[in-house]
Amino acid sequence: MTHVAPAHVGRCEIRTVCEGFAALPTAQEFPELTVDWTAERRAYPWAYHGVQAWAWHVHAFVVETPDATIVVDTGVGPFGPYRPWEHSNADAWDKEDLDAITHVALTHLHADHAGGIAGAELEPRFTNAAYHLHPADLRYFEGADDDAYVAIRPAQRLRSLGALRTVDTNHDIVPGVRLIHAPGHTPGHRAVLVHDRGEGLLLTGDLLHQPIQITERQWFSEHDEDPLLGVASRRLLLWRAESHGYRVGVSHFAEPFGSIERGRWVADPG
């Protein structure tokens with residue numbers, strides 16, 4: 001794994017916190033489609049691990065604006081990875097002052113995005129932050145089994161402490177950081193747009209798992225709760241990013257920052 005340079009949008013800096021990566025089978029991503037995985041590995045060698053797996057990275061993002069410090073997603077926390085790490089960064093968060101975080105924006109409640117909201121005994125990990133979650137995810141996962149890979153219990157604990165904000169409209173949580181409802185992967189799934197001085201960067205959450213979904217936007221992940229709604233959200237927001245010239249940040253890409261050019265992913269220079 002290589003160091004990821006921060007991205008910049010106007011006066012904002014977006015840093016990546018990478019907890020590690022695991023190898024997930026490519027065959028499980030689009031099980032009903034014929035995919036030329038050899039061509040994909042040739043086009044995006046950094047995205048794959050061996051000949052039958054892709055490198056599922058777990059990234060959180062720290063957005064530094066002139067007014068606030070925001071975490072977008074929180075890594076796996078006590079849940080651990082979905083599959084065993086191929087490589088892990090035990091010190092991934094060491095350079096960040098967790099007490100200085102003012103807001104935590106959760107794209108959704110799957111544990112690889114929200115597992116890190118709590119530490120020991122379900123106490124908030126970012127002690128001075130307001131946490132933001134779309135209420136549809138809170139409702140949808142309310143009855144999830146305790147063994148499910150979903151951070152519903154930590155989210156309920158935040159709600160009991162008064163730290164959870166569940167506004168359901170698109171809005172800026174601070175100037176320059178906007179929450180956008182993008183349902184399909186989960187009912188409350190959100191993307192986050194960082195915008196300042198005419199520039200923008202769209203943090204996609206799980207709108208994207210594989211680079212090929214930028215070209216084939218109608219291809220949904222096997223993990224989507226509502227695949228057709230996920231396709232609609234992906235098409236809309238990637239079109240918006242492409243048409244406005246926004247950069248893009250992807251939670252599970254080994255090279256998380258890039259842009260969309262002629263319908264394809266172009267990673268930022270390392």
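Analyst: Buried means under 20% relative accessible area, exposed over 50%, and partly exposed in between (1.4 Å probe, protein chains only). This is a predicted model, in which local features need pLDDT of at least 70 and side-chain atom pairs count only at pLDDT 80 or more, while totals for chains, interfaces and linings use all residues. Residues are numbered from 1 along each chain as its sequence is written, and side-chain values use heavy atoms, with hydrogens and water left out.

User: Why is R15 called buried?

Analyst: R15 has a relative accessible area of 18%, so it falls under the cut-off for buried. A68, in the loop between strand 4 (53–64) and strand 5 (69–72), also counts as buried, at 9%.

User: What makes R15 and E13 a salt bridge?

Analyst: A salt bridge needs a side-chain nitrogen of Lys or Arg within 4 Å of a carboxyl oxygen of Asp or Glu. The R15 and E13 side chains have N and O 2.9 Å apart, so the pair qualifies. E13 is partly exposed, with a relative accessible area of 24%. The whole structure has ten salt bridges.

User: Which parts of the chain does the salt bridge between E242 and R217 link?

Analyst: The closest N and O atoms of E242 and R217 are 2.9 Å apart. The pair links distant parts of the chain, with E242 in helix 6 and R217 in the loop between helix 5 and helix 6, 25 residues apart; helices are DSSP runs of H or I with at least four residues, and strands are E runs of at least two. R217 is buried at 13%, whereas E242 is partly exposed at 30%.

User: How do you know which residues line the largest cavity?

Analyst: A cavity is a set of points on a 1 Å grid where a 1.4 Å probe fits but cannot get out, and lining residues have an atom within 4 Å of a point. The lining consists of A182, H185, H189, D206, L207, D224, G230 and R234. Two of the lining residues are nonpolar, three polar and three charged; Gly counts as polar. The largest cavity holds about 40 Å³, and the count is one cavity of 30 Å³ or more.

Notes. 1 Å grid on protein atoms, 1.4 Å probe; cavity = no way out; pocket = protein on both sides within 12 Å on 5 of 7 lines; lining within 4 Å. Points joined across faces, edges and corners; volume = space filled by probe spheres on them.
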